[in-house]
Number of protein chains: 2
Amino acid sequence: MSKDMQKGSDHVAASQRSSKKTEDRKTYHYAQLKEALIETALRLTAERDGPVFSLRELATALGVSHTAVYRHFADKDALLEEMTQMGFAEMAAAQVAAQSKAGPAPLMQLRALCAAYIRFAVDYPGYFTLMFNSRLGSPVASSARDSHNSGALKVLIDAIRACQVSKDIVDGDPERLAAYLVLAPHGMCSYIASGHIPGFIARQQEGLNDAADWMAQVGIDPFLIQRRSPDAFAQLFFSND
Amino acid sequence: MSKDMQKGSDHVAASQRSSKKTEDRKTYHYAQLKEALIETALRLTAERDGPVFSLRELATALGVSHTAVYRHFADKDALLEEMTQMGFAEMAAAQVAAQSKAGPAPLMQLRALCAAYIRFAVDYPGYFTLMFNSRLGSPVASSARDSHNSGALKVLIDAIRACQVSKDIVDGDPERLAAYLVLAPHGMCSYIASGHIPGFIARQQEGLNDAADWMAQVGIDPFLIQRRSPDAFAQLFFSND
DNA sequence: CGGCTTATGTGACCGGTGTAAACAATGTGA
DNA sequence: TCACATTGTTTACACCGGTCACATAAGCCG
């Protein structure tokens, strides 16, 4: 069942070339069909803003019989599940990247993380839909998704801890803070992924990019030790009307 | 090339008819099949936490041929679309009910509305998934959904206006406030509907019912004119740890 | 009443989809 | 070299959404 994940760095291209040899007789295709399947499935998911493809389409796109998929995945859900895990990994990577670009200030890092959450859903709506808005049947998948999700949350939790150490935001269970801070961005992402961008974002902000930064500021402010005054907060909230 | 070798082996359709033969008309069923279809479809959706049924299953559950559905709906999306609209109507009704139960104070009403948003997703996850987490193809459906959604938002916007008049919360575009206030509850609902209840809610709160009230308080507080102090806010946020 | 139109349900069928089973070609280790 | 596990193919099945020709009930009009 568990296959050794040998790292044949890229023989895919080579084996694909083999088919170029004359009329690609019955010679076989991939040594690593699995990688190619995932890759293509991810591409289709990205193109269509969601895991909207059939196994047959996927297989024929790679010039392979549709049942070949079952040599590498138990069923379609297993494929989707692996893709989902890669989505969480991608998301975590995006978070880390955003954090490291934000400079040394813990509060700036925290804001960058919140903004990156939104940006991820904007940049990869297919991933987001796959990860959160689609229904994987098996409870196994669900638990795996949960663990990966908390893995992605880990970065956020650490950032919150740093902000507490630097006395930027209030003390208290960082996990709880992280879960709450993520709700509003997640809600917005859910709207976006389902094709419904809240009107005030679409109209009154210049774009989703700005909106991400704006939301990060607004969302975190209530937890700052040195909060804005009510007036200043309102001014921030209603900026660029 | 096997187009049609044997096709039979499904004659369950007559069973229900013969069973009701004694008291009901033998041949015909419903003058209003449409209502029965929607009703059953909603029941299945509620039972399965999402619109997970086939037209054939739906039809046979009512003892009719699956093509009968097409006498009342153009296609499956049309059925789902009508169900979606009923979902928004149900949600708006729940909002109004919650508001009227909250007493006369505008701020209490606003809190009740925010809590009711979450409670709706908890009570009717099938509806919620249908309304927000499923992908209706047609842009028509999407626009109808938007308008109905803003219809549901209308109640919230009015409540916000009332709170501004009563000097409970800050001035500013009520629509924008409404859209933002709804994000965190919606994010939580999206988590819930996708089977992922944030850990801190499941563990540290007594239940989702309490969590709804808690979230309404926490979410609105930043916009109060008489905000809590940072300490008091933190105390509220980390209540019942 | 009889005949017409219209609304509604039926069955046969099409292309497509996920999945299982038997089979065949490949590569690898003994 | 040869058995054998790996991997892709062929065939087949049950199910799905959707179309079409057809049957039949309901209503309407003379």
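User: Which residues of helix 4 of chain B are buried?

Analyst: This is a predicted model, and in it the buried residues of helix 4 of chain B are Leu79(B), Glu81(B), Thr84(B), Gly87(B), Met91(B), Ala94(B), Gln95(B), Ala98(B) and Gln99(B).

User: What span should helix 4 of chain B have, and how far apart are its end C-alpha atoms?

Analyst: Its 26 residues, at 1.5 Å a residue, should span 38 Å, and the end C-alpha atoms of helix 4 of chain B lie 37 Å apart, which agrees with that expectation. Just after this helix, Gly103(B) takes a positive phi of about 85°.

User: And how do helix 4 and helix 5 of chain B cross?

Analyst: The axes of helix 4 (residues 76–101) and helix 5 (residues 106–123) of chain B come within 8 Å and cross at roughly 140°. That angle makes helix 4 of chain B oblique to helix 5 of chain B, since only angles over 145 degrees would count as roughly antiparallel. The crossing of these two helices of chain B is right-handed.

User: Which residues meet there?

Analyst: From helix 4 of chain B come Met91(B), Ala94(B), Gln95(B), Ala98(B), Gln99(B) and Lys101(B), and they meet Gln109(B), Ala112(B), Leu113(B), Ala115(B), Ala116(B) and Phe120(B) of helix 5 of chain B. Sorted by class, this contact between helix 4 and helix 5 of chain B has eight nonpolar, three polar and one charged residues.

User: What about helix 5 and helix 9 of chain B, at what angle do they cross?

Analyst: The axes of helix 5 of chain B and helix 9 (residues 183–193) of chain B come within 9 Å and cross at roughly 10°, which makes helix 5 of chain B roughly parallel to helix 9 of chain B. On the side of helix 5 of chain B the contact is made by Cys114(B), Tyr117(B), Ile118(B), Ala121(B) and Val122(B), and on the side of helix 9 of chain B by Pro185(B), Met188(B), Cys189(B), Ile192(B) and Ala193(B). By class, this contact of helix 5 with helix 9 of chain B has ten nonpolar, no polar and no charged residues.

User: Changing topic to the loops, where is Ile169(B), and is it buried or exposed?

Analyst: Ile169(B) sits in the loop between helix 7 (139–165) and helix 8 (174–181) of chain B, and with 28 C-beta neighbours inside 10 Å it counts as buried. Leaving aside residues up to four places away in sequence, Ile169(B) touches Ile160(B), Cys163(B), Gln164(B), Phe223(B), Leu224(B) and Ile225(B). Ile169(B) and Ile225(B) are 56 residues apart in sequence, while their C-alpha atoms are 5.0 Å apart in space.

User: What is phi of Asp49(A), and what is phi of Asp49(B)?

Analyst: Phi of Asp49(A) is near 55°, a positive value in a residue other than glycine, and phi of Asp49(B) is likewise near 55°. Most residues other than glycine have a negative phi.

User: Why does Asp49(B) count as buried, and why does Asp49(A) count as partly exposed?

Analyst: Asp49(B) is buried because 20 other C-beta atoms lie within 10 Å, and being buried takes 20 or more. Asp49(A) has 19 C-beta neighbours inside 10 Å, so Asp49(A) counts as partly exposed. Asp49(A) is found in the loop between helix 2 (33–47) and helix 3 (55–61) of chain A, and Asp49(B) in the loop between helix 2 (33–48) and helix 3 (55–61) of chain B.

User: Lastly, how many helices and strands are there in chain A?

Analyst: Chain A has twelve helices and zero strands, and buried residues make up 37% of its 241 residues. Helix 8 (residues 174–181) of chain A is mostly covered, with seven of its eight residues buried.

Notes. Residues numbered from 1 in each chain as written. Chains lettered and ligands numbered in written order. Predicted model: local features only at pLDDT ≥ 70, side-chain atom pairs only at ≥ 80, totals over all residues. Axes fitted to C-alpha atoms, helices over the stretch in contact; angles between N-to-C directions. Helix = DSSP H or I, 4+ residues; strand = E, 2+ residues; numbered from the N terminus. Parallel < 35°, antiparallel > 145°, perpendicular 65-115°, else oblique. Left-handed = near helix turned anticlockwise from the far one by under 90°. Contact = placed C-beta atoms within 7 Å. Nonpolar A, V, L, I, M, F, W, Y, C, P; charged D, E, K, R; others polar. Buried ≥ 20, exposed ≤ 12 C-beta atoms within 10 Å, placed from the backbone. Expected span 1.5 Å × (residues − 1).
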